[in-house]
Amino acid sequence: FISMRCPKSCYFCFNPNQENFAYYNKNLRPAAEELRRDHAEGKAYTQLALSGGEPLMHNAEAYEFLRTAKELYPDVYLRLYTCGDFLDEACLAELKALMKSVSA
């Protein structure tokens, strides 16, 4: 996750029970940087997911994480968990271009 912030208030959300919820509700986590560190330490991933909070509230950071994931782990299976509130034409185009440019 990048942040625990989310525009929704779903009654079933488990995020408020997460460790450091209050901190990550106000501060961003350097997810792409953490992924680079994991790679440098030799960690291997076949699947990665980006969740939150709502990752697309911080779309530049979300794009960076996804781009980094595909660059470091070209065959990784990626998932993006989103409520969809920030999925507009520009976001969809960016995600599509990102996936095409990395896998080409």
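Modeller: Let's start with a salt bridge: a side-chain nitrogen of Lys or Arg lying within 4 Å of a carboxyl oxygen of Asp or Glu. Before we look for some, note that this is a predicted model, where local features need pLDDT of at least 70 and side-chain atom pairs count only at pLDDT 80 or more, while totals for chains, interfaces and linings use all residues. Residues are numbered from 1 along each chain as its sequence is written, and side-chain values use heavy atoms, with hydrogens and water left out.

Biologist: How many salt bridges does a search of the whole structure find?

Modeller: The general idea is that side chains of opposite charge can pair when their charged atoms come close. Here the search of the whole structure turns up 8 salt bridges. Take Glu94 and Arg67, whose closest N and O atoms are 3.5 Å apart. That pair links distant parts of the chain, since Glu94 sits in helix 4 and Arg67 in helix 3, 27 residues apart. Helices here are DSSP runs of H or I with at least four residues, strands are E runs of at least two, and both are numbered from the N terminus.

Biologist: Is Glu94 buried or exposed, or partly exposed?

Modeller: Buried means under 20% relative accessible area, exposed means over 50%, and partly exposed is in between (1.4 Å probe, protein chains only). Glu94 has 29%, so it counts as partly exposed, and Arg67 is partly exposed too, at 30%. Now try Glu34 and Arg29, which meet in a salt bridge at 2.7 Å, N to O. Glu34 is buried at 18%, whereas Arg29 is partly exposed at 24%.

Biologist: Which residues do salt bridges that share partners join into one network?

Modeller: Arg37, Asp38, Glu41 and Lys43. Within that group, the closest N and O atoms of Arg37 and Asp38 are 3.8 Å apart. Arg37 is partly exposed at 45%, but Asp38 is buried at 10%.

Biologist: On to strands. How do strand 1 and strand 2 run?

Modeller: Two strands pair if DSSP finds at least two bridges between them. Strand 1 (residues 47–50) and strand 2 (residues 77–80) are joined by 4 bridges and run parallel. Leu50, for instance, stands opposite Leu80 in strand 2.

Biologist: How many residues has the largest nonpolar core?

Modeller: A nonpolar core is a set of buried Ala, Val, Leu, Ile, Met, Phe, Trp, Tyr and Cys residues joined through side-chain atoms within 4.5 Å. The largest one has 17 residues, and Leu35, Leu48, Phe65, Leu66 and Leu78 have the most contacts inside it. Helix 3 gives the most to this core, with 5 residues. Contact means heavy atoms within 4.5 Å. Leaving aside neighbours within four places in sequence, Phe65 is in contact with Ala31, Ala32, Leu35, Ala49 and Leu50.

Biologist: And the cysteines: how many disulfides does the structure hold?

Modeller: A disulfide is a pair of cysteine sulfur atoms within 2.5 Å. The structure holds 0 of them. The sulfur of Cys83 has its closest cysteine sulfur in Cys6, 5.0 Å away, which is too far for a bond. For Cys91, the closest cysteine sulfur is in Cys83, 11 Å away, also too far for a bond. Cys91 is buried at 4%, while Cys83 is partly exposed at 33%.
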